[in-house]
Amino acid sequence: MKIPRRRFVKLLTFGTATSLVAGKLWQRDLLAFCELPPGEEGAVLKIRLSDYPALQQAYGSVRLGINPISSEYPDGDFYPILINRDGLGDFHVLDCECRHAGCVVPAYDSTQFVILCPCHGSRYDVDGSVVGGPATEPLYQYQFELDGNDTLAIHIPCWAFKAQLSVAPGGAGSRVQLDFPTFPQVTYRVGFREHLQDVLGPASFAATPSGPANQTSLTGLGTPATIYLDRTTPTGYYTVSMDVLEI
């Protein structure tokens, strides 16, 4: 049975930042490794707690992910993350992979006070600890920080990636070319702002060097993607981000 889901696009604070300043390229990469080398930082997902009414109350729970769910498993490489709030107001950020057979666990059930795996009945507490088998290990936990107000910053190393920006062939007035790896069934978008202090806005792009720049998103296939953007300003800052779904 396919699990119903609501789709929300949320702001991601990770990806690749690139810019074109006075005709010269500048770039800062965020590397994509599940086991990061010393000194490297992975992806950081920042969410506003006020965007999720469930997290405003005790035992509230939401699932967020970059892959949709097909039956009991992710339709892609990544399981959703599960954000729970316990009775003391503390948050717990967990991976939704059941430690028994790899099914996707649902949100915390505040009426039954349990996370119940739909496949074989493993039961987890609000903090991810096991309260009933067949699972014998707790759900994986993600590191996170709460800013004391409304922002939860979640560290997810495996979601990070890097991109390469270059001037597309054709001379100084040509398009810029953006190359980046993709994960299967993940939706990617490009953002642009002329100056650092400007608000980031959506940027349309082309799939070919000379094609119309009329695309606003692409779905990853697990292979490298190449897109082309028109250069309309002497200075510009680009970002590549992934859609986050509430599922």
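Predicted model: local features only at pLDDT ≥ 70, side-chain atom pairs only at ≥ 80, totals over all residues.
Close-up 1. Residues are numbered from 1 along each chain as its sequence is written, and side-chain values use heavy atoms, with hydrogens and water left out. A salt bridge here is a side-chain nitrogen of Lys or Arg within 4 Å of a carboxyl oxygen of Asp or Glu. Arg175 sits in the loop between β14 (164–167) and β15 (176–180), and Asp230 in the loop between β19 (225–229) and β20 (236–242), so the bridge ties together parts that are 55 residues apart in sequence. Strands (E, at least two residues) and helices (H or I, at least four) are DSSP runs, numbered from the N terminus. Asp230 is partly exposed, at 39% relative accessibility. The whole structure holds four salt bridges.

**Close-up 2. Arg189 pairs with Asp243 in a salt bridge.** Their closest N and O atoms lie 2.8 Å apart. The two residues come from distant parts of the chain: Arg189 from strand β16 (residues 187–193), Asp243 from the loop between β20 and β21 (245–246), 54 residues apart. Arg189 is partly exposed, at 30% relative accessibility. Asp243 is buried, with a relative accessible area of 6%.

**Close-up 3. Arg99 has two partners, Glu137 and the ring of Tyr140.** The side chains of Arg99 and Glu137 form a salt bridge of 2.9 Å, N to O. This bridge links the loop between β8 (91–95) and β9 (115–116), which holds Arg99, to the loop between β11 (130–132) and β12 (144–146), which holds Glu137; the two residues are 38 residues apart. Both ends are partly exposed: Arg99 at 22% relative accessibility, Glu137 at 39%. Arg99 also lies over the face of Tyr140, at 3.8 Å from the ring centre. For that, CZ of Arg or NZ of Lys must be within 6 Å of the ring centre and within 35 degrees of the ring normal.

**Close-up 4. Cys103 and Cys119 form a disulfide.** A search of the whole structure finds one disulfide, defined as a pair of cysteine sulfur atoms within 2.5 Å. Its S to S distance is 1.9 Å. The torsion about the S-S bond is about -100 degrees, so the disulfide is left-handed. Cys103 lies in the loop between β8 and β9, Cys119 in the loop between β9 and β10 (123–124), 16 residues apart. Cys103 is buried, at 1% relative accessibility. Cys119 is partly exposed, at 26%. Cys117 is buried, at 3% relative accessibility. Its closest cysteine sulfur, in Cys98, is 3.7 Å away, too far for a bond. Cys96 is buried too, at 0%.

**Close-up 5. Phe161 and Phe180 make a tilted aromatic pair.** The whole structure has seven aromatic pairs. Rings of Phe, Tyr and Trp (its six-membered ring) pair if their centres lie within 6.5 Å; planes under 30 degrees apart count as stacked, over 60 as edge-to-face and the rest as tilted. Phe161 and Phe180 are 6.5 Å apart, centre to centre, with 45 degrees between the planes. Phe161 lies in the loop between β13 (151–156) and β14, Phe180 in strand β15, 19 residues apart. Both residues, Phe161 and Phe180, are buried.

**Close-up 6. Phe192 and Tyr238 form another tilted pair.** The ring centres are 5.0 Å apart and the planes meet at 50 degrees. Phe192 is in strand β16 and Tyr238 in strand β20, so the pair ties together parts that are 46 residues apart in sequence. Tyr238 is buried, at 5% relative accessibility.

**Close-up 7. Asp86 is buried and has no salt bridge.** Asp86 lies in the loop between β7 (81–85) and β8. The nearest side chain of opposite charge, Arg85, is 6.5 Å away. Lys and Arg count as positive, Asp and Glu as negative; His and the chain ends are not counted. The Asp86 side chain does make a polar contact with the side chain of His92, at 2.9 Å. A polar contact is a pair of N or O atoms within 3.5 Å; within protein, one must be able to donate a hydrogen and the other to accept it, and residues adjacent in sequence count only if both atoms are side-chain atoms.

Note on methods: Buried < 20%, exposed > 50% of the residue type's maximum accessible area, 1.4 Å probe, protein only.
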